Structures are given as structure tokens and as C-alpha cells.
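Okay, everyone, let's get started. I'll bring up the structure, and then we'll walk through a few spots in the chain.

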Amino acid sequence: MSIGVAVIPAAGRGTRMRPATRVVPKALLTVVDRPAIQYAVEEAARAGAKEAVVVVDLDAGHLVAQHFSLEGALPGLEDLQLRPVVQEEALGLGHAVNEAAHMVGDRPFFCLLADMIVRPGHDVLDGLAAGSDDGSVSVMCLCELSDEFLDRYGIVIPASEVEGGYLEIAGAVEKPGAAAAPSRLGFVGRYLFTPEVFEILEKTTPGQGGEIQLTDAIDELGRRGRLRGFVTEGDLLDVGTPIGLLEASVELGENQFGDEFKSWLQGRRP
């Protein structure tokens with residue numbers, strides 16, 4: 001099944017990346033040779049999306065639009081339409097996704113977090129689409145996490161065993177910690193939603209941190225029996241922290257520049 005539209009929330013303030021994000025929006029922080037958000041847009045295009053709805057804040061909107069349109073379309077993105085949407089208040093990830101509702105309409109859509117980058121050759125969006133029953137079921141990308149990450153990610157409540165890479169999901173909990181986690185399977189920033197999620201988000205009240213949490217809407221989808229998980233073997237690269245940005249730059253740099261960069265790295269290692 002082909003998914004024609006992707007939503008990319010990119011309005012985060014990037015507090016973990018201060019002081020850099022005092023002047024540069026988090027989504028435009030450079031990873032090797034392009035801003036983080038470009039990796040997400042390119043990934044959506046590889047999966048067949050023809051439209052990317054990018055949710056930005058008031059300060060970043062024109063900068064993001066300019067990056068993708070100045071001097072013409074970027075290579076490989078000629079057939080993709082970028083549509084910025086402004087999130088005027090930082091009210092949470094769930095709120096950011098819901099800001100795209102009027103542009104997505106009644107279509108199923110991919111959702112990609114801009115500060116998570118897939119490793120080269122390990123795209124997951126096709127796997128989400130394959131598990132969605134022609135767009136009638138929402139599918140979450142999941143990864144098995146170790147204890148130290150269970151208080152940093154949304155964690156699912158399984159409703160079945162993993163079979164062929166997929167499982168049914170009964171609900172989800174936001175950042176429960178190791179003691180309370182219902183499983184070790186956590187969200188890693190890639191989702192396929194049916195438009196049903198917008199109806200749920202409209203009614204979702206602020207949760208953890210006083211924000212409208214996307215995990216709460218995902219939990220409701222699970223309670224309705226409308227949720228499935230796709231388990232990927234490897235995690236994504238988190239460029240939302242300084243150490244994560246450094247690690248991603250090295251891994252993506254090795255992939256892009258090959259032996260020349262690897263040789264330089266090896267020369268610096270004791």
C-alpha cells in the first residue's frame with residue numbers, strides 16, 4: 001500500500017541542545033552535510049510520500065521552507081511537495097501532530113520525528129505500511145530497549161507475541177521507567193497513523209509534563225483494538241542530544257565518506 005503524505009513534527013525548542021538552539025532551530029542543526037529534518041523528508045520520499053507536512057514554530061517556519069526551496073528543489077525531492085504548518089504554542093507532540101489534521105484530511109499518514117534518523121539501509125516505513133491492512137490500522141515502529149531507556153520513551157502494552165516482526169498492541173505508557181514498564185518495546189519516532197488519531201487527539205487532555213502526549217492517543221488506539229507494532233532490529237540515531245549528534249555524525253560520516261573518513265578516525269584512536 002502506498003502512503004502519500006508524511007507529517008514531520010519539527011517545532012521542538014531543542015532545550016537539550018542549548019546553547020546551539022538559541023539561534024538555530026533544532027530541526028536545522030547540521031548532521032554531516034544537511035540539516036536533521038532533511039533526512040526525515042528524504043526518508044518519507046523513499047517510501048513513496050509525495051507530500052510532507054512539516055510542523056514548525058513561528059521562528060523556524062520560513063527558514064525550513066527556504067532550505068527546501070531556495071535555488072530549486074533538492075536532489076531527489078523534486079516530486080515532493082513541502083507544506084509548513086506553524087504550531088504557535090509548544091503544547092506537546094500530540095498537539096503538534098494534530099496541527100497537521102486539516103492538511104492530511106482523511107488519509108493515513110506517516111509520522112516521522114525529525115530528531116531521529118534511520119541508519120543507512122535500514123528504512124522502516126515500508127514495514128509499517130505492510131502491516132497496516134490497507135491503511136485501516138495504525139502501526140508503530142518499535143525497538144527493544146534496555147533498562148536505562150525505559151524512562152525516556154513511550155512503552156507499549158503488548159496484546160500478542162511478536163510474529164513475523166509484528167504484534168498487536170493493547171495500549172501504551174509514556175516514559176514509565178524500568179520498574180513500571182509493561183514491556184521493553186518502545187517507540188522510536190516512526191509511525192503510521194490512520195486519521196482516527198486526529199479525532200482522539202482533539203479530545204486528549206494534557207498528560208505528563210502538562211503537555212498533550214502523542215503516547216496517550218496511541219494508548220487509546222490500542223484500547224480500541226486498532227493498533228499494531230512493527231519491531232525493528234536496530235534503533236534509530238537520536239540527534240536530539242549533544243552525544244547523540246556526535247555519534248550520528250560519525251556513523252553517517254563513515255557511510256558517506258567511506259575509507260577516507262574511517263582512516264582519519266583510526267588515526268586519532270590510541
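So, what does L237 touch? Leaving out residues up to four places away in sequence, the contacts are D115, M116, I117 and R119, plus A248, E251 and L252. Keep in mind that this is a predicted model.

In sequence, M116 and L237 are 121 residues apart, yet their C-alpha atoms sit 5.4 Å from each other in space. As for where we are in the fold, L237 belongs to strand 13, which covers residues 237–238.

Is L237 buried or exposed? Its relative accessible area is 6%, and the cut-off for buried is under 20%, so L237 counts as buried.

Most peptide bonds are trans, and most residues other than glycine have a negative phi. Here are the exceptions I picked out.

The peptide bond between R18 and P19 is cis, with omega at about 10°. You'll find P19 in the loop that runs between strand 1 (5–9) and strand 2 (30–31).

Next, V32. It isn't a glycine, but its phi is positive, about 65°. V32 is in the loop between strand 2 and strand 3 (34–35), and with a relative accessible area of 28% it's partly exposed.

Then there's K175, also not a glycine, with a positive phi of about 45°. Where does K175 lie? In the loop between strand 10 (166–174) and strand 11 (185–193). K175 is partly exposed, too, at a relative accessible area of 36%.

That's my tour, thanks.

Conventions:
Residues are numbered from 1 along each chain as its sequence is written. This is a predicted model: local features need pLDDT of at least 70, side-chain atom pairs count only at pLDDT 80 or more; totals for chains, interfaces and linings use all residues. Side-chain values use heavy atoms; hydrogens and water are left out. Helices (H or I, at least four residues) and strands (E, at least two) are DSSP runs, numbered from the N terminus. Buried means under 20% relative accessible area, exposed over 50%, partly exposed in between (1.4 Å probe, protein chains only). Contact means heavy atoms within 4.5 Å.
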